[in-house]
Protein chains: 2
Amino acid sequence: MARKQGSHADITRPRVRDAALRLFAQHGYAAVSMRQIAAEVGVQAGAIYNYTPDKQALLADLMRDHLEELLAAWDSVPTEAGAVARLRRFVRFHLDFHLPRPDQVFIAYMELRHLDSANFAGVEALRRRYEDALEAILRAGLAEGVFAVRDTRVAAMALIALLTGLGNWYRAGGRLPLDEIAAIYWDLVRKAVLA
Amino acid sequence: MARKQGSHADITRPRVRDAALRLFAQHGYAAVSMRQIAAEVGVQAGAIYNYTPDKQALLADLMRDHLEELLAAWDSVPTEAGAVARLRRFVRFHLDFHLPRPDQVFIAYMELRHLDSANFAGVEALRRRYEDALEAILRAGLAEGVFAVRDTRVAAMALIALLTGLGNWYRAGGRLPLDEIAAIYWDLVRKAVLA
DNA sequence: TTTTCAAATGAACACCCGTTCAGTTAAATG
DNA sequence: CATTTAACTGAACGGGTGTTCATTTGAAAA
């Protein structure tokens, strides 16, 4: 036979992904060239095509993988008893998952325009599943009588925007420690939905 | 002398702005060429440079004008007596101003990356003034004893993200009428900060 | 009608784009 | 050591990029 499956590839493939992630987040998908990504990895542009059929797939894979990782991570969070405790878990989970991944979050929100319609539909379906997870908690709280929201869907969208928005201004080493900020966010969310 | 100041220019200048706004919002700054903008207006690419020194200034002007219009509009809103009434005004104002301008809002948030540092600083200063306007209301509510928030700055950032997020999913003719959605949003905001 | 010049043209500048592919390299296999 | 082939190179493809500028156009002013 010949060389074992992937000797360089196992090294180069993740480096291509990482470079694309970093550069797309910093400059935007359209402003980044395959040659820039290749230079970051230390190969010629043509070599990139050993790892992706085209630039579009590179972007779509980054988005899809981010959202699938998000859903898998949430699925592995133990279900609490009671809607209030479940919501507190969700808030803390959302912040813990998103804050260490600013590039992925940025891309997943900002570069949707550049997905073709098939990739867009796939990504939107994954995002929808995450929104549904929060909405389910709000519904449960309504059923328990501990929450008072006029529409669980609208509330879920509003709360996710509130939580995700933290990533747009939070910087480690700022005025407040993360735990304090997380506590403030939980306070706002809890009061907003509580009966 | 000769032709009166601006016979075509008065027509072409706003058409260049409008085309740039629409195309930047739809495809992203980096993905739109000066030739596309020119084609939309019905002129050659060179003619665009009668109205802007370069592509970057076209983007910066769109952002700055949007934020200055926002601040001017808010300044013209009468000041209510009482922090709760002022907050209700702010929420309704924010939604009324932003929802009819999805392209401007999109650009003002998504294309910050493509501003050079001088333009970025200017735009951020304007945005900061708007955030300060909301924070002032929260402070007033604290002083009155009607609000209970642990940090007015964090709360202001969180609430603006919550409100602005509506533009990412609201579509006219959807399941709920805008007035109903606005009422739900006011409900969430009010409860989140109320003592 | 002639003059004037705002406004726009269209070609050119030097360079970058995503993608393809024949050919080269070098490491693991037999 | 010889062979195999994964991994990569480097050049090429047709086309697009922002910006400049000498030149043309045509409507208002004289």
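A: Let us begin with the idea of a contact: two residues are in contact if their C-beta atoms, placed from the backbone, lie within 7 Å. Please keep in mind that this is a predicted model.

Q: Which residues of helix 1 of chain A meet helix 2 of chain A, and which residues do they meet there?

A: From helix 1 of chain A come A:Thr12, A:Arg15, A:Val16, A:Ala19, A:Ala20 and A:Leu23. Their counterparts in helix 2 of chain A are A:Gln36, A:Ile37, A:Glu40 and A:Val41. Sorted by class, this contact of helix 1 with helix 2 of chain A has 6 nonpolar, 2 polar and 2 charged residues.

Q: At what angle do helix 1 and helix 2 of chain A pack?

A: Angles between 0 and 180 degrees compare the N-to-C directions of two axes. Helix 1 (residues 9–27) and helix 2 (residues 34–41) of chain A pack at about 125 degrees, and their axes are 9 Å apart. Helix 1 of chain A is therefore oblique to helix 2 of chain A.

Q: Is the crossing of helix 1 and helix 2 of chain A left-handed or right-handed?

A: The crossing of these two helices of chain A is right-handed.

Q: How many helices and strands does chain A have?

A: Chain A has 8 helices and 0 strands. Read from the N terminus, its elements follow the order α-α-α-α-α-α-α-α. Along the principal axes, the C-alpha atoms of chain A fill a box of roughly 65 × 40 × 35 Å.

Q: What share of the residues of chain A count as buried?

A: A residue is buried if 20 or more other C-beta atoms lie within 10 Å of its own. Of the 195 residues of chain A, 31% count as buried. As for contacts in chain A between residues at least 6 apart in sequence, 69% join residues at least 24 apart.

Q: Why is it said that the copies meet through the same surface?

A: The reason is that 100% of the interface residues of chain B are also interface residues in chain A.

Terms used
Residues are numbered from 1 along each chain as its sequence is written. Chains are lettered from A and ligands numbered from 1 in the order in which they are written. This is a predicted model: local features need pLDDT of at least 70, side-chain atom pairs count only at pLDDT 80 or more; totals for chains, interfaces and linings use all residues. Helices (H or I, at least four residues) and strands (E, at least two) are DSSP runs, numbered from the N terminus. Angles under 35 degrees count as roughly parallel, over 145 as roughly antiparallel, 65 to 115 as roughly perpendicular and the rest as oblique. A crossing is left-handed if the near helix is turned anticlockwise from the far one by less than a right angle, and right-handed if clockwise. Ala, Val, Leu, Ile, Met, Phe, Trp, Tyr, Cys and Pro count as nonpolar, Asp, Glu, Lys and Arg as charged, and the others, Gly among them, as polar. A residue is buried if 20 or more other C-beta atoms lie within 10 Å of its own, exposed if 12 or fewer, and partly exposed in between; C-beta atoms are placed from the backbone.
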